[in-house]
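Subject: Structure handover

Hello,

Here is the structure you will be working with. Please open it first, then read the notes below.

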Amino acid sequence: MSYATDRVIADVTGPTAMPRKNGELVFGAPWESRAFGMVVALADEVFEWAEFRAELISEIARWEAADDAGEWSYYERWLSTLEAMLIRRGLISRVRLRARIVEVGDTQAHEHVHLHSGRKS
Amino acid sequence: MLGKDQTYLALRTKAIESLLIETGLITEESVDSIVRTYEQDIGPMRGAEVVARAWTDPEYKARLLENGVDAVNEVTGGGIDPKEIVVVENTDSVHNIVVCTLCSCYPWDVLGLPPSWYKAPAYRSRVVCEPRAVLREFGVVLDPKVEIRVWDSSSEVRYLVLPQRPVGTDGKSVGELAELVCRDALIGAGLVKA
Amino acid sequence: MSVPGPHDVGGRGGYGPILIEPDDGFRAEWERKVVGLTYSSLEAELFPADRWRARQEELHPLAYVRMSYYERWLYTLERNLVLHGVLTEQEIDVRLQEIAGASDAGCSSSDGSPDGSANAAPERLPRAIRPPVLEAPLPPRFAFGDHVRTRVIAIEQLGDEHTRLPHYAQGKLGIIARVLPVQGLPDAVVKCMEFRPEHTYSVQLLGSDLSVDGDPNASVCVDAWESYLEPAE
């Protein structure tokens, strides 16, 4: 497993290079860190890192060409790539994914309340 | 700590701090003063002073190469942790560079806080197998005949590089010479320029 | 050889160019605090420095790279405080909730933390008492210029076991470049909380297999405890 990690983080140049600062990977929010972790955990087990990388390049190009592309977020592209790959391989279904997103959204809002002094943020 | 946001990390740190202070095992003052010392009071200037003195005082230089801790304490007025400091001298034929491949051990007492690149895996992994290429990335291009020695600080011993005095600095005072010495040169990742 | 831990990066490829940037120093106040708490704890001998280093090495490689440098410091600080019976995870969780001002004190804020039953304070471990004067029982086995071979040291359980002989330096021929002071063997402190003073040495490793480009004019000198070394023919 350590070798998959090494291979992934060795990607330091080009459009798929992960954001870094002072030599470390940077995650703007915890979900980005989890998205990174998911892909590395799956690399070699479910798909090849090289395949994911190639898909990520296409996804980034697609985003750049889109009219309604919002603000750039590296890990949003990462997550989109992961979703697409898992759906294409039949490992998750689009419908179940949508339902789960709604569920998780509710749970997280609940957790957020507890941590921030009872005020909804 | 994995996947937690900055707010959580700050809260967890505060929780630990407040509990430790309550146990009476540490004080808030000790927590803050230690970092303040390394951030403000100790910078690479300590190392620079040591180097400038070695350049101008051959007997001091001999003492420095023989017993780093005692000689450094002469300049800093004492207070260096009794960990051993070994000073390695750059010459026309040998260039030294220091690393800690296993974590980020660094001569804090003499140089203050370490630079980020020193702590990151790129430097730590590569300097022990391609030091010449690494030095080039720092802008240090050495003649292929110059021997490179990489010191991996795997024990409590801390290594300090004594860089070569640049040509054209005759007549400069110790203070002026100290100002020329940059932190990277004390690690071996840079040269001192006149 | 056992698989190197996530910390043991010497000689491993794939990390790309060195990013030389203007230093950020501390990015947040909590990072500064973590450093202060760590040094204060070490000074108060709440746990030994060797175990502070070793605990980080138990991190899964994926966790290791996802955590920032000071997040790892916070991780090992907390793990060591808990393992050495200074604090419990439960009281840290509770205090965190109190500080956050949450009304429901029973709510745990850390995903996947062990339930309360696992948080009974462990037996307070004896501290490794470092003697005031470090003396090894015998004179140094090696001298400047001696030819030695570094051992291969198998770590069965990272975090619980520890060595300071990097992977790239194991099973290699070398020459004693310097005799260093007597130091306590970290492997023994971590594994059994024993202070074992040994002579230490700087060993200049030989062999171009260390150098990617086979540079005959470059060498690595690594610090080694006497028990890491054997005489070479």
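Predicted model: local features only at pLDDT ≥ 70, side-chain atom pairs only at ≥ 80, totals over all residues.

Residues are numbered from 1 along each chain as its sequence is written, chains are lettered from A and ligands numbered from 1 in the order in which they are written, and side-chain values use heavy atoms, with hydrogens and water left out.

**Chain A**

Chain A has 5 helices and 2 strands. Helices (H or I, at least four residues) and strands (E, at least two) are DSSP runs, numbered from the N terminus. Along the sequence the pattern reads α-β-β-α-α-α-α. Chain A has 121 residues, and 36% of them count as buried. Buried means under 20% relative accessible area, exposed over 50%, and partly exposed in between (1.4 Å probe, protein chains only). Take the contacts in chain A between residues at least 6 apart in sequence: 62% of them join residues at least 24 apart. Contact means heavy atoms within 4.5 Å.

**The core**

The largest nonpolar core holds 142 residues. Such a core is a set of buried Ala, Val, Leu, Ile, Met, Phe, Trp, Tyr and Cys residues joined through side-chain atoms within 4.5 Å. A:F36, A:W78 and B:Y123 touch the most other members. Helix α4 (residues 69-83) of chain C gives the largest share of this core, 8 residues. A:F36 touches residues of chain A, including A:V8, A:M18 and A:W78. A:F36 also touches C:L62, C:V65 and C:R66.

**Chain B against chain C**

This contact takes 73 residues from chain B and 78 from chain C. The two chains bury about 6,700 Å² between them, 60% of it on carbon and sulfur atoms. Buried area is the accessible area (1.4 Å probe) that two parts lose on being put together, summed over both. B:M1, B:R12 and B:L102 supply 10% of the area that chain B buries here, more than any other three residues.

The interface of chain B and chain C has 9 salt bridges (a side-chain nitrogen of Lys or Arg within 4 Å of a carboxyl oxygen of Asp or Glu). The side chains of B:E17 and C:K33 meet in a salt bridge, at 2.8 Å from N to O. α1(B) gives the most to the side of chain B that touches chain C, with 16 residues. By class, that side has 40 nonpolar, 12 polar and 21 charged residues. Ala, Val, Leu, Ile, Met, Phe, Trp, Tyr, Cys and Pro count as nonpolar, Asp, Glu, Lys and Arg as charged, and the others, Gly among them, as polar.

**Chain B against chain A**

Here 9 residues of chain B are in contact with 7 residues of chain A. Chain B and chain A bury about 560 Å² between them, 68% of it on carbon and sulfur atoms. B:G3, B:D5 and B:S116 supply 54% of the area that chain B buries against chain A, more than any other three residues. By class, the side of chain B that touches chain A has 4 nonpolar, 3 polar and 2 charged residues.

**One residue**

C:T38 is found in helix α1 (residues 29-43) of chain C. Is C:T38 buried or exposed? C:T38 counts as buried because its relative accessible area is 1%. Leaving aside neighbours within four places in sequence, C:T38 is in contact with C:W52, C:W73 and C:L77.

Best wishes
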